[in-house]
Amino acid sequence: MTSHQSPHSGGHPGGNISGHPHGKTSGANTPDNATLRLVAWETTRNCNLNCAHCRASATMESYAGELDTDASFRLLDQIAEVGQPIVILTGGEPLLRPDIFDLARYGTDKGLRMVMAPNGTLITAENARQMATSGIQRISISLDGATRDRHDRFRGVEGAFDGALRGIHFAKQAGIEFQVNTTISKLNYDQIPEILKLAEDLGAVALHIFLLVPTGRGKYIIDQEISAQEYESTLNWFYDQKDKTPLQLKATCAPHYYRIMRQRARAEGKTVTWETHGLDAVTRGCLGGTGFCFISHVGVVQPCGFLDLNCGDVTRQSFAEIWKTSEIFNNLRNYNNLKGKCGICEYKAVCGGCRARAYEFTGDYLAEEPLCSYQPGKA
């Protein structure tokens, strides 16, 4: 999948495809601020699609240095030593990795919640059953258009839409729950309500929207990135849908949503709690380096798939050491390090701005979010 990209043939690496809380968002440097909740692992960079926004610029080829089976088992051992996070098996296309179900089974047996982000086109009745028996608890399938033409244009391969729907059918037959992931850009901005309806009709359990982060091939469609005003409008629309759909809704790579949610709740005379807003009440916008990290196909650990900063290499040091001692991770865990208007924003503990977009625009991962129209102190 790569999107945060998730992850992007099948989703986004910063995406939560769990339906489980990431934990409370108290202030900077609290113990909960470094609790590992979610890991996106790029099990392979090999992919059968050619998505316009792909973080990894993945193609159909063999990539040197990918972690072999034994190294992958060791990585899962090390992740389990740190905690019991959700582990997203992503790519590229994870189903192109021959031992993918061995990895899923191993992680399941270690007590990890194993989920997968395929693009759907390679799912068959047989491998859907293998997903179920290996302990895969949810998959994400990306639909970036409500129609065949729109999705296939985004994915770069004719037949991708039909393949995704076929894959969803097989997953449902095997009893695997699925969510729909959608990366929003000008290519599909007008179809978001229709995509929500499609996800409902298909029987999805959730819809996760991702705002385009211009990395990898995404840099070449940066002109398709929606504006800060369109961003704000989309997230307000998304908030309005929460009581109108049976789906779990999640905004990813869209940290402003957690500021908007609180503004809207205040205007409605409500307090944001687990009872009123569910998972969204106990998570925050940018999770990179705090509750979440990304591990590349060669074992490099990053805050997220879009934030291309080397925080350590699991082939050279333990995952636990990287997670606990990385200077970049520890900088991200102290929200007082944020600069510009993010640094003075009263919502920085629940939003944080997209650190990957800040880095791509300025070269500084602690700089202010470039696609935010909010002015601090105007709540």
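This is a predicted model: local features need pLDDT of at least 70, side-chain atom pairs count only at pLDDT 80 or more; totals for chains, interfaces and linings use all residues.

Reply: Residues are numbered from 1 along each chain as its sequence is written, and side-chain values use heavy atoms, without hydrogens and water.

Me: Which residues of helix 3 are buried?
Reply: N127, A128 and M131, in a helix spanning 125-133. Buried means under 20% relative accessible area, exposed over 50% (1.4 Å probe, protein chains only). Helices are DSSP runs (H or I, at least four residues); strands are E runs of at least two.

Me: Why are they on the same side of helix 3?
Reply: Because they cover an arc of only 110° around the axis, taken from the directions from the axis to the C-beta atoms. E126, R129 and T133 are exposed on the other side.

Me: What do the buried ones pack against?
Reply: Helix 2 (100-109), strand 3 (113-116), strand 4 (138-142) and helix 5 (160-173). Contact is heavy atoms within 4.5 Å.

Me: New topic. Which residues touch the most other members of the largest nonpolar core?
Reply: I139 and F319, in a core of 100 residues. Such a core joins buried Ala, Val, Leu, Ile, Met, Phe, Trp, Tyr and Cys through side-chain atoms within 4.5 Å. Helix 6 (residues 192-202) gives the largest share, six residues.

Me: What does F319 contact beyond four places in sequence?
Reply: Its partners include L36, Q78, C293 and V314.
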